[in-house]
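I opened my notebook to look through this fold, and these are the entries I kept. Have the coordinates at hand as you read along.

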Amino acid sequence: MDNLEEKITDLVIEISGEDEIADEPDLDLFEEQVLDSMAAIELLVAIKVEFGVSIAPTELEREEMNTLNKIIARVAERL
């Protein structure tokens, strides 16, 4: 796991409290109730603080950021 993947995984685990997501990077985080709308906003703020990448909540559809792999991809695109 590279540094970006590791840091984002750690952020999602910290916000959600769900350690198991590291083992399932394609798990739908909303469908499985790992993240909800408030946790998603908290994650976007944490990504802005950690990486300087700003993603507005209205900028992407939920389906574009509903798995760990998709979140990592969206951040990598903007770095």
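I started at Val 45, which I found in helix α2; helices here are DSSP runs (H or I, at least four residues), as strands are (E, at least two), numbered from the N terminus. I am working from a predicted model, where local features need pLDDT of at least 70 and side-chain atom pairs pLDDT 80 or more, while totals for chains, interfaces and linings use all residues. Residues are numbered from 1 along each chain as its sequence is written, and side-chain values use heavy atoms, without hydrogens or water.

Next I looked up the core. The largest nonpolar core has 26 residues, and Ile 8, Leu 43 and Phe 51 are among those with the most contacts inside it. Such a core is a set of buried Ala, Val, Leu, Ile, Met, Phe, Trp, Tyr and Cys residues joined through side-chain atoms within 4.5 Å. Helices α1, α2 and α3 (68–78) each give at least two residues, and α2 has the largest share, with seven.

Then came salt bridges, of which I found three; each needs a side-chain nitrogen of Lys or Arg within 4 Å of a carboxyl oxygen of Asp or Glu. Glu 50 pairs with Lys 7, their closest N and O atoms 3.5 Å apart. Glu 50 sits in α2 and Lys 7 in α1, so this pair ties together parts 43 residues apart in sequence. Arg 78 and Glu 59 meet at 2.7 Å, N to O, linking helix α3 with the loop between α2 and α3 across 19 residues. Glu 77 and Arg 74 come to 3.1 Å, and both lie in helix α3, three residues apart, about one turn. I marked Glu 77 as exposed at 54% relative accessibility and Arg 74 as buried at 17%.

Last, I checked Val 53, in the loop between α2 and α3. Val 53 counts as buried, because its relative accessibility is 4%.

Methods
Buried means under 20% relative accessible area, exposed over 50%, partly exposed in between (1.4 Å probe, protein chains only).
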